[in-house]
Amino acid sequence: MASPFHAGEQWVQSRVGVREKAERIGSRMIHSVMPEQHREFFAQLPALLVAASDSEGQPFASVLCGEPGFAWSPDPGLLCVEASMQADDPIAPLLQPHSPVGLLGLEWPTRRRNRLNGRILQRDAQGFSVAVAQAFGNCPKYIQARQCHTAPRQPGQTLEGHGLANEWLGLVKQADTLFIASHSRDPEGGGADVSHRGGPQGFVELGRDGRLWMPDYSGNRLFNTLGNLVSEPRCGLLFIDFVTGDLLQLQARAEVVWPEQYAALGVSALPGAERLLALEPGHWTLRRSRLPLAFAGHDSSPFLPGTGV
């Protein structure tokens, strides 16, 4: 049986000594079609996180919204998404037939999440359909639980630029959540992927080198995101302002930094982190008041460093 992991994922798994365990877990939990509970799960969500790459291989992350039922599965191998994308969303022109795409469904109040990676079959003015390649659940670690409801907003301006910018640095420094899109062109299991990252408020820090630094905590030990990044360091970040509905889509170049590298780079270990991720900012798009959801506070993950769990 072919491995569910490509070479980059296998390399990281081997480096941290979990290769055989990851293979056993992956063979059980990564499916080529959606289990029935996943099909029901996606159909009840008001939003989906999405990842896709441009023709040069640069990944982008975004969020698509609609009334529950806007994503539905007519059969286990297919997910249909009926969502009209905003014209200034950088990911909009990338969701074309045959393109790899990664989807993440997140139920904010319960911290439940499922991922689906595949290729777009069709797209029209109403949305697109995705042929499933991999479907699997993720643990709820580090997700801040939030109650949310639909709240139409008056769209604000769109700002663009390159590199570090005051327009968005405050949002990043206050964040407790981000989403990271990554990509692998490995013919054996490659494709697009989008993953959640969470931590204490301010867990993403601006380093003296001008890069954004964030902790990489213990997760499901499959290393889907890091496996992509070791072979293709370009990634796309999505930060959400849960109060204003602002969306920051930031291109970045990632470096996985291992503990034995800390001294040479002049960085210190962060509480609870097994390694660090350094992100060099590239082109960015800040779209004001674009998320049509309102969130009421948050319940911090009990797995965050310092909670005693």
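The questions and answers below treat a helix, a cavity and several single residues.

Analyst: This is a predicted model, in which local features need pLDDT of at least 70, side-chain atom pairs count only at pLDDT 80 or more, and totals for chains, interfaces and linings use all residues. Residues are numbered from 1 along each chain as its sequence is written, and side-chain values use heavy atoms, with hydrogens and water left out.

User: Against which helices do the buried residues of α1 pack?

Analyst: Helices (H or I, at least four residues) and strands (E, at least two) are DSSP runs numbered from the N terminus. In α1, residues 7–15, the buried residues are G8, E9, V12 and Q13, where buried means under 20% relative accessible area, exposed over 50% and partly exposed in between (1.4 Å probe, protein chains only). These residues lie on the same side of α1 because they cover an arc of only 135 degrees around the axis, taken from the directions from the helix axis to the C-beta atoms. Their packing partners are α2 (19–29) and α5 (224–231).

User: Is R39 buried or exposed?

Analyst: R39 belongs to helix α3, residues 36–43. Leaving aside neighbours within four places in sequence, R39 is in contact (heavy atoms within 4.5 Å) with M34, S73, P74, D75 and P76. Its relative accessible area is 14%, so R39 is buried.

User: With which side chain does that of R39 form a polar contact of 3.1 Å?

Analyst: A polar contact is a pair of N or O atoms within 3.5 Å; within protein, one must be able to donate a hydrogen and the other to accept it, and residues adjacent in sequence count only if both atoms are side-chain atoms. At 3.1 Å, the side chain of R39 is joined to that of E36.

User: Which strand supplies the largest share of the lining of the largest cavity?

Analyst: A cavity is a set of points on a 1 Å grid over the protein atoms alone where a 1.4 Å probe fits but cannot get out, and lining residues have an atom within 4 Å of a point. The largest cavity has a volume of about 340 Å³, and of its 23 lining residues the closest to the centre are S195, R197, Y217, G219 and N220. At least two lining residues come from each of β6 (112–124), β11 (191–198), β13 (212–216) and α5. The largest share, 4 residues, comes from β11.

User: What is the phi of R221?

Analyst: R221 sits in the loop between β13 and α5. With a relative accessible area of 22%, R221 is partly exposed. Its phi is positive although the residue is other than glycine, with a value near 70 degrees.

User: Is S289 buried or exposed?

Analyst: S289 is in the loop between β16 (275–287) and β17 (293–299). Its phi is near 50 degrees, a positive value in a residue other than glycine. The relative accessible area of S289 is 18%, and therefore this residue is buried.

User: How far apart are the C-alpha atoms of H298 and R146?

Analyst: H298 lies in strand β17 and is partly exposed, at 42% relative accessibility. Not counting residues up to four places away in sequence, H298 touches Q144, A145, R146 and D176. Although H298 and R146 are 152 residues apart along the chain, their C-alpha atoms are separated by 4.7 Å.

Methods: On a 1 Å grid over the protein atoms alone, a cavity is a set of points where a 1.4 Å probe fits but cannot get out, and a pocket is an open set with protein on both sides within 12 Å along at least five of seven lines; lining residues have an atom within 4 Å of a point. Grid points are joined across faces, edges and corners, and a volume is the space filled by probe spheres set on the points.
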